[in-house]
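Please look over the structure below before reading the report.

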Amino acid sequence: MRVALMVTCVNDAMFPGTGQAVVRLLRRLGVEVDFPAAQTCCGQPMVNTGYLDEAVPAVRSFVRAFEGYDAVVTPSGSCAGSARHQHRLVAQRSGDTGLVAAVAATSPRTYELSEFLIDVLGVSDVGAYFPHSVTYHPTCHSLRMLGVGDRPRRLLEQVRGLRLLDLPKAEECCGFGGTFALKNSDTSVAMGSDKARHVRETGAEVLVAGDNSCLMHIGGVLGRGRSGVRVLHLAEILASTEEQPA
Amino acid sequence: MSARTGAQTSARAEILGRIRTALLDVDRDAESATAPIVAPPGARPPGADHPDGLVAHFAERVADYRATVVRCPPDGLTAAIAAALPAGARVVVPPGLPDDHLAGIPTPVPDSGLAASELDALDAVVTRCRLGIAETGTIVLDHTPDQGRRAIALVPDHHVCIVHADQIVPDVPDAIARLDPHRPLTWISGPSATSDIELDRVEGVHGPRRLHVIVVDPDPA
Amino acid sequence: MSATFVGMPAFPSAARTALGNTQLRHNLAHATGVIRAKRAAVVGEVENWEELRLAGAAVKERALRSLDAHLVQLEESLTARGAVVHWARDAAEANRIVVDLARAREIDEVVKVKSMVTQEIGLNEALEASGIAAWETDLAELIVQLGGDLPSHILVPAIHRNRAEIREIFTRRMGEVGRPAPDDLTDEPAVLAGAAREHLREKFLRARMAVSGANFAVADSGTLVVVESEGNGRMCLTLPEVLVSIVGIEKVVPTWAELDPLLRLLPRSSTGERMNPYTSTWTGVVPDDGPQEVHVVLLDNGRTRALGDPTGRQALRCIRCSACLNVCPVYERTGGHAYGSVYPGPIGAILNPLLRGTGDPQTDSLPYASTLCGACFEACPVRIDIPEVLVHLRAEVVDAHRADRLPKPEALAFRGAAWAFGHAQRLDRTEWLSSLAGRLLRRRGRTSLGRLPGPGAAWTDARDLPAPPTETFRAWWRRTDGGERP
C-alpha cells in the first residue's frame with residue numbers, strides 16, 4: 001500500500017512536530033509513508049472564506065501531489081473534511097473536467113489519522129506511552145463533517161500511563177472557525193474562553209485534539225491566562241514512547 | 001367574495017411566473033417530485049398490541065403534561081364526570097353530549113351559540129373527542145356535535161374530556177390517517193402552557209388551565 | 001412602541017456589544033442549556049429519528065420542486081371551502097391587503113397569533129400607521145411589544161429577558177394599553193403568565209379581527225395549521241369574526257398525509273416536547289363555528305429569489321423550529337439581536353441573504369457569523385445543510401466584489417495565498433521567511449508572540465500565538481530524508 005502524508009499547511013509552517021510524530025508513529029506500525037513535496041494546502045481557508053476561485057490552485061496542487069497513492073493520511077479532521085467534502089465543489093467551479101475527475105479519485109482516499117489507524121490499519125493499541133492526565137476535545141469537523149466518532153478516544157484509551165478525563169460540553173465548538181477567529185474575534189474569544197474554562201475544570205495536564213488550528217486557538221487562550229495546561233496533537237501522544245516522550 | 005382586482009391578478013401571475021423561472025433547473029417529472037413521501041412508521045408503544053397497553057401508555061403520557069387522567073369502566077363514567085367537576089360549577093355542554101355524560105353534570109348549560117363573554121362567565125366544559133394519541137399524550141377534537149364548537153372547549157378554564165379506550169391510536173401517523181382535514185381540528189396535549197419565560201415550562205396561560213381526561217375502558221386493568 | 005432592525009451594524013460589531021451584556025449572556029446560557037437538554041431527551045426517544053428527518057426534508061423538498069402547482073391547488077382547495085385567497089409579491093402589498101380588509105370593516109384593532117412572517121413584513125408598524133392597533137397575544141411577543149423591544153429568537157422572542165425584567169415591563173406598561181398588572185405581581189413564571197392571561201382576555205373577547213401566520217398549508221385539502229402552546233392562537237383563530245392568515249409560499253405541504261412527519265419533527269425539535277399543547281387546523285370557513293370570514297394571503301417577499309438558488313433553496317424547507325439557534329455556540333453567546341433580523345441564528349444567517357440578496361454590509365456579514373461547526377445541520381429536523389449554504393453565500397459575497405477597483409486587503413491576501421499554494425516551491429520560499437522569524441525570536445527565548453499590531457491584533461489581543469518554528473516540516477523532511485538521517 002502506497003501511503004502519503006498530507007501534513008497540512010498549518011502543520012508544515014507552524015507545527016512540524018506533529019508531522020514528524022505521524023511519520024514516527026506510522027513507521028513504528030510498519031507503514032512506510034511518503035511526503036510528496038508538491039503538496040501545499042487543501043484549500044480550505046480560501047473555500048471557507050468564500051474565495052472559491054483562489055482555492056483552485058491549492059486543489060490542483062493537492063491532486064498533483066497525491067494522485068496514485070492508495071491512501072492519503074492527514075493529522076487534521078478539518079483538512080480531511082475539506083478534501084472529502086469541498087474539493088468537488090471547487091473543481092466543479094473551475095470548469096475543468098480533468099480536475100473534477102482527479103478530485104473524484106483522490107478525495108475518497110483521504111483519511112484523518114484516527115480513521116486511518118482504526119479503519120485502514122485496524123489497530124487501536126499503537127504501543128504508546130504517555131504518563132499524564134489528558135482531556136480530549138473532539139473538533140467539529142472531525143466529529144460532524146467526517147464522523148470520526150469515538151476513534152480518537154479508543155486510541156487514547158490504549159495509551160499506557162495515560163489518564164483520560166472527560167471534558168464537559170466536549171462537543172461544543174471552541175470558536176476557532178478559520179477566518180472566523182479574526183473576523184469575529186470577540187465571539188471567537190468568548191467561545192474559546194468557555195472551552196478553556198471547561199478544560200481547566202477537568203484538572204488535566206494536557207488538552208489533546210486532532211486539529212492543531214483549534215489547539216492553537218484554545219491553547220492561545222489557555223496560554224494568555226497562564227493556565228499551565230499544555231496542548232498536544234493526538235499524533236504526538238500516539239507517537240510518544242518511554243524512549244522518545246512527547 | 002369579491003372579484004379579484006387587477007393588482008391581485010398580476011400578483012398571482014407574477015409570483016407563479018417567478019416560481020417557474022426559479023425552478024428551471026429542476027426535473028419536474030422526477031419521481032421524488034411527483035409521488036407523495038411515505039414517512040417511517042410511528043412508535044409502537046410497549047404493549048401496544050394489547051388495547052390495555054395502549055391505554056396505559058396514553059394515560060402515562062397525558063399525565064406527563066400535568067393533566068389529570070382517570071380511567072373508569074363504562075358504568076362508572078357518570079360518577080367520574082361528577083367527580084371531575086368542582087361543586088357548583090357552571091358547565092357548558094355541546095349539543096350532542098350523550099345522556100350518561102349529562103347525568104354527571106349538576107348544572108349543564110347547553111351551548112346555543114353562546115357569545116365569548118358568556119362562555120367566559122362559565123367554569124368548565126365537558127366534551128368527548130375524536131381520538132387520543134398514546135405516544136404523545138394528545139387528544140384530538142374534531143368539533144362534531146358531541147364536542148361542540150371550538151370556542152366552548154377553549155374559553156372556560158376547566159376542560160373535562162372523555163376518550164374511549166378504542167379511540168386511542170399509537171402515534172401521530174395513525175391519527176393523521178383517521179382524521180378528516182375538512183373538519184376543524186384541535187389537538188390538545190395537556191393544559192395550556194408556555195415556555196416563554198427562561199424556557200421554563202409553566203402551565204396556564206389562555207387555554208383551559210385544568211385538563212381532566214377520563215378514559216372509558218371496558219376492561220380496566 | 002414599534003421597533004425595527006433598520007440601521008443595525010454588521011454582525012461583528014453588534015456581537016461585540018451583545019457579548020458585553022452580562023445579563024444577556026447569563027439569560028441565554030441558561031435558556032439554551034435548558035432547551036438543549038429537553039430536545040435531546042425527546043429526540044432520543046424516537047428510534048427512527050434520522051429516517052423521520054429524511055422524510056420531513058423530502059416532503060418539503062417535494063413541495064418546493066413543484067411549488068407553483070401546489071400553490072394553485074392550495075388556492076383551489078381554499079376557495080372551494082369558502083376562504084378568500086390573496087397574493088402578495090412583497091411586504092408592502094401584504095400589509096396593504098390586511099389594512100384594506102380592516103378598514104373596509106371599520107376595524108381599528110386586531111389580535112395577533114405569534115407569526116414570524118408578520119414580523120418579517122413589519123405588519124404591526126403598517127397597521128399602526130393606518131390607525132389600527134395590533135395586539136400581540138403570545139406571551140413572549142407581548143413581552144417584546146410592551147418592552148418596545150426587538151425579538152431575539154424565533155420561538156421565544158423574549159429569550160433575552162429574565163423573569164425580573166419581565167415583571168418590571170408588565171408592571172410599567174400593561175396599564176398603559178389595557179388591564180394593568182396586579183399590584184402584587186411577583187416574578188414567578190406562573191404568576192407572570194397569569195397576568196398576561198388577565199391582560200389579554202378582554203382583548204380576545206372584543207376583537208373582531210385576528211391575524212395569524214401558519215406553520216403549514218396543506219395543498220390537497222386547503223387546511224391551515226397553527227402550532228402553539230398557550231391557547232392565544234386558539235383564541236385568535238376561533239373568537240373573531242374575520243381571520244386573516246399570512247402564509248409564506250414555502251409553507252405549502254402537498255398532501256394531508258405528508259403533514260405527519262412534520263408534526264412529529266416540529267415539537268420535539270422546537271420546544272423539546274413530544275407534542276406542543278395546542279395544534280389548530282382549519283379548512284376555509286366552518287359554518288357556525290369560528291370566523292365566518294377567512295382570508296389567506298400567499299406571500300412571496302423574496303422567497304422566489306431564494307428558490308432560484310439551487311444550493312440555497314433548501315433553506316425554504318425551514319419549519320421555524322429554532323433548534324439551530326438553540327444549539328448554535330455563536331447564538332448562545334451573542335443572542336439574536338446581533339443578527340439584525342427577525343430571523344436570527346444559523347437559519348437567519350442564510351435566510352436573510354437568500355431572501356434579500358447580498359450587497360449591503362450588514363447582510364454580507366451574516367454568512368460569516370458562524371464557525372461552520374455543523375451543530376445546526378445536525379439538529380435541523382428537515383436537514384438543511386446550513387454550513388454548505390453559508391459557504392455558498394460567502395462565495396456570493398466575495399464574487400460580488402471581484403470587479404472592485406480597489407480590492408480589500410483580505411482579497412489581496414487570498415490572491416497571494418492562491419499564488420503561493422499553486423506551487424510548492426513558492427510556498428517553500430514564503431515559509432523561509434517565517435522560519436527566519438522563528439529563529440530570531442527563539443534565539444531570544446520567545447516561544448510565543450505578544451500583542452501584534454495591525455490585523456494580527458484580532459488574534460493576539462486575547463490569545464497567545466506560538467512563535468514560528470525554526471524549521472518547517474518540509475525543510476526537516478528534506479534535511480533528514482524524512483527522519484532517516486539525524
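This is a predicted model: local features need pLDDT of at least 70, side-chain atom pairs count only at pLDDT 80 or more; totals for chains, interfaces and linings use all residues.

**Which chains touch**

Two pairs of chains are in contact, and chains B and C share the most contacts. Chain A and chain B do not touch, and their nearest C-alpha atoms are 17 Å apart. The table sets out values for the two pairs that do meet.

| Pair | Residues in contact | Buried area | Share on carbon and sulfur atoms |
|---|---|---|---|
| Chain B and chain C | 80 residues from chain B, 98 residues from chain C | about 7600 Å² | 57% |
| Chain A and chain C | 67 residues of chain A, 64 residues of chain C | about 5300 Å² | 59% |

**Chain B with chain C**

Between chain B and chain C there are 13 salt bridges. A salt bridge links C:R274 to B:D64, where the closest N and O atoms are 2.8 Å apart. Polar contacts join 45 residue pairs between chain B and chain C, with both residues at pLDDT 80 or more. Several elements of chain B give two or more residues to the side that touches chain C, including the helices α1 (6-22) and α3 (51-64) and the strand β9 (185-188). The largest share of this side comes from α1(B), with 12 residues. By kind, the side of chain B that touches chain C has 39 nonpolar, 19 polar and 22 charged residues.

**Chain A with chain C**

In chain A, the residues that lose the most area to chain C are A:D12, A:Y51 and A:R224, which together account for 13% of what that side buries. There are 13 salt bridges between chain A and chain C. A salt bridge is formed by A:E54 and C:R402, with the closest N and O atoms 2.9 Å apart. For chain A and chain C, the count of residue pairs in polar contact is 33, both residues being at pLDDT 80 or more. Helix α12(A) supplies eight residues, the largest share of the side of chain A that touches chain C. That side of chain A divides into 31 nonpolar, 20 polar and 16 charged residues.

**Two helices inside chain A**

Helix α12 (residues 185-202) of chain A also packs against helix α13 (residues 212-224) of chain A, at an angle of about 75° and with the axes 9 Å apart. Because of this angle, α12(A) is roughly perpendicular to α13(A). Among the residues that make the contact are A:S188, A:G192 and A:V199 of α12(A), together with A:H217 and A:L222 of α13(A). The contact of α12(A) with α13(A) is made up of five nonpolar, four polar and two charged residues.

How values were computed: Residues are numbered from 1 along each chain as its sequence is written. Chains are lettered from A and ligands numbered from 1 in the order in which they are written. Side-chain values use heavy atoms; hydrogens and water are left out. Axes are lines fitted to C-alpha atoms, for helices over the stretch in contact, and angles run from 0 to 180 degrees between N-to-C directions. Helices (H or I, at least four residues) and strands (E, at least two) are DSSP runs, numbered from the N terminus. Angles under 35 degrees count as roughly parallel, over 145 as roughly antiparallel, 65 to 115 as roughly perpendicular and the rest as oblique. Contact means heavy atoms within 4.5 Å. Ala, Val, Leu, Ile, Met, Phe, Trp, Tyr, Cys and Pro count as nonpolar, Asp, Glu, Lys and Arg as charged, and the others, Gly among them, as polar. Buried area is the accessible area (1.4 Å probe) that two parts lose on being put together, summed over both. A salt bridge is a side-chain nitrogen of Lys or Arg within 4 Å of a carboxyl oxygen of Asp or Glu. A polar contact is a pair of N or O atoms within 3.5 Å; within protein, one must be able to donate a hydrogen and the other to accept it, and residues adjacent in sequence count only if both atoms are side-chain atoms.
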